[in-house]
Amino acid sequence: MINLEPTIDWSTSPGGIAVWLTVLLGLIFGSMLLSADRRMTLGRQAALIALLAAVASAARVLFAAIPNVQPVTILILLIGIHLGPRRATAVAVLVALLSNMALGHGPWTFYQAVAWALVGISGWILRPLLVSKDGMSIRVLPLAILGFIWGFLYDWLVSITMLAISQQVETYISYFILGLPFDLMHAVGNVLFAIWLAPSLHRLLWLHSRHDAGGWVSSLPEDVLRREAFISGGSDATSRQRRSGEDPMAGIRRFDD
Amino acid sequence: MSVWGWQGEASARLGPPRHFRLPFLVAAVVIPLLVNDPKYMVGWAAFLILWSLAMVGPNTFAKWVKLWIPLTIIYGAFLYGFGAATEPLAIGLLISRLLLALLGMQILQWSVPPSDVVSSFEWVLPRLGVSLAIALRLVPRLERSARWRLETLSERGFDDDGTFMQKLRLRSSLWPGWFADALDHAHDLGDAVQSRGLLTPRKPRGGILRASLRRLLGEEKDVGGEHIGPFSDMVQLGLDIEMRLPDGRSIGRHKRMLRGGSVILLKGPSGCGKSSLLRVLAGVSPWQHPVTVYGKAHLSGHPVLGEIDISAGPFASSIACWIPQDPDRHGIAESVRREFNIARRLAGDWNQESMLEELEAWNLLEMLDEKPEELSDGEQQRLLLAAHLDPAQPLWLLDEADVHLDEAGFIQLGKAVVKHQARGGLVIVVAHRHARWSPIADEIIEMEVGETPIELPICEAPSTRGEQEWTPPEISLFSNQVEPVRAGDLIVITGENGTGKTTLLREWAAADGIVWLPTSPDRRLLGMTVGEELTLQHPLLLQAAKLVDGANLGNDAGEEVNRLQIRQSRLRLDLGLSRIADATPVHDLSCGERRRLSLLPLLISEPRIMLLDEIDHALDDSMLAELLRLLGKARADGCALILTSHSPDLALWASMSGGRRWLIENEVLSEVKA
């Protein structure tokens, strides 16, 4: 018989919980990524995700001088609101990959991507609270409050890195307490970015969404068919009349009558 | 060049070998954590620093250091302040470890080409891999776009007055325009990805088993897929479509049958729907554009896809070879070599020999390791044509593909087109300067019937030469053998692609503070909407726009604002921009309209000298004539005009208008005597 008791004990310890939570989050996260990838059929969808990831990464690097103040959380919240959870997840992964190319990769990259994906999902779920009824404007106050909350939640989620690595709850708690001032900075930064960026970014994402307005209708519009029928009728009549020496404008008069 | 990104093919060769990248990444992170002895730490640091210097040179390394040292000091101060570590030595050790790990990762970042990162996504998340490729292409563009905006602000005089905070506020308020420009560039890259079929997941040609067997037997790679024989007689394009904008305005009704083995030239004024038609035929519109297409369009005789109902799109694979306008916005890869690899990823691998032949024919062989953004517009156009003129596609759609090409480049393009035509392919060309194309076109389609040919207006040369205004400074690339510029001079600079015409204008502008207009209008546009752009064209106009009701700027400034506003309105009317609503997003305008909008602040400021790069780009004949009339007026008022162009029409116009010609050849800028 295999003795599962040590495994069960470990899996109920804080370190064990951190590991299986990571695996679970990874599975959800992976399936969402696969789904986002499969649903991408247009080049512009790929390009929009790319642009948002590039802008968010550049902004994160730009604000690297101010510890834990960066606009990525608010950006991904807005992406979740506009483009849905799958694409927000895709952007989250790309931002973590791209920005950490400059700021340093490590085990935290995975947790950052997962935490930002959750930020995007929350934006999608809370969309009715965050956008006006006609969808034309963003409600800055609820967005700022949500951003403030995520400032803390995001950092606590990323701190699971320490728990998963050290397998000691004490390390996690000391890391958690030491990080509180940084978490506060993230939260306050999110509020400021919500006020500064959200209205214009909402408008810019709306600009992109107008591009979905195109389509293909297999039949020609009624007015085109009518006009061409008239022209061809008119030209037939005109050529007949020319041959017989009649008034070439007779076809047009016929239509007017 | 960005300090963060890939630093080119030379760095790639000096970086960790392909299969050792992952172990190196682990070592770069782990070694600084494990080593406690300062002696070994210094050794590891010296090794990384020497490697970095050899790879990227002292300048890039110094930039990296300049950024990270202050940042790590700030982090150290925070750690100390919040009590994470109390001993200065411990903090120093922590920071050293952090810096060493970062430098190790940066070595990878400098040496690993983005397309290698992207290819690691290919089998599992291929479309996200394409997203990543686009993102990596956009990051340097974002940086450049921000720099252009700052240059434009400075050129328009926004840096002259105001406190530091006012300047900061102005700069930070420009981000929506910056984002909108990036969004537009991303859309263009999205169109390129769609038309080239890059979203199709990669499949081993002939199946995994066959590929493995072939490898085991040591056979050559299959170059199938690249159709090199003639097409069947069945290549036909049947059109019965009407295209409409969301407001219901028609931008083209096409009812005709076009057969393979012919070259069709589309003519018509700006905005008549030429480019829109090509986008529909390339399978990009209407799925990616706010255009509604009514009717049917069929392409038959495709060697792989057979009969294609274009309305059944969007297509995962490429259905036609589309070369769009603006080559700097449609390249995906990070180097010339890799653009070729991407171009042939789906159509069949490049045979090394044919790739080299193609590169040589297009005069790109020496630029194999260059980054596309560092090439001139003409060279980028050559690259796009060399890499993406796909002989396997029966339908070629060329949208102003010759604008940036010199004569040698156009001859090369003409040869390729005639060869394709002889193989039974169908080529549709859009061009504003159609004199080049008329001799090889089998049919010319007028998009707006009744358009009368327009003569370029000859502008009268001043009867006496004006005062000496400016002597062109020597720059490192060229030696000058030209006479000084005088008031009212008209000078056209000519030279082959890549000789440095644009560089020359840029350097002169920077050296002597002269206003210049680059070919791409996006380098000189700041606002997100036309209204914002108009207010950002002069500091006083911006101040006036910020005033609340009832306030005024004072008598003198108020009068100056009135004068500027009147001049701006008159120029808008002359340039055909007065009908555009202020709320229109700048990037909804056509390339020609954006070009004219970017010229407006130059004309408003009434400079003594103007440097204009390829002024005829994206303008139809009537608009070019109007623009030349305006420039003639500025010249009559004493403004000296210095233009670059590849167009024989414009060179002829300049010589008939009493202009001078300068030629760049063999790194010498010389006066051409009439």
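**Close-up views of a predicted two-chain model**

**View 1. Nonpolar cores.** A:Val91 and B:Leu397 touch the most other members of the largest nonpolar core, which has 202 residues. A nonpolar core joins buried Ala, Val, Leu, Ile, Met, Phe, Trp, Tyr and Cys residues through C-beta atoms within 7 Å; buried means 20 or more other C-beta atoms within 10 Å of a residue's own, with C-beta atoms placed from the backbone. This is a predicted model: local features need pLDDT of at least 70, side-chain atom pairs count only at pLDDT 80 or more, and totals for chains, interfaces and linings use all residues. Residues are numbered from 1 along each chain as its sequence is written, and chains are lettered from A in the order in which they are written.

**View 2. Surroundings of B:Leu397.** Neighbours within four places in sequence are left aside. Contacts (C-beta atoms, placed from the backbone, within 7 Å) include B:Leu278, B:Ala320, B:Trp322 and B:Ile428. A second, separate core has 12 residues, among them B:Trp6 and B:Trp110.

**View 3. The side of chain B that touches chain A.** The contact takes 54 residues from chain B and 48 residues from chain A.

View 4. Strand 1 (residues 215–217) of chain A and strand 4 of chain B run parallel, joined by 3 bridges. Strands are DSSP runs of E, at least two residues; two strands pair if DSSP finds at least two bridges between them. A:Val217 stands opposite B:Tyr294.

How values were computed
Two residues are in contact if their C-beta atoms, placed from the backbone, lie within 7 Å. Helices (H or I, at least four residues) and strands (E, at least two) are DSSP runs, numbered from the N terminus.
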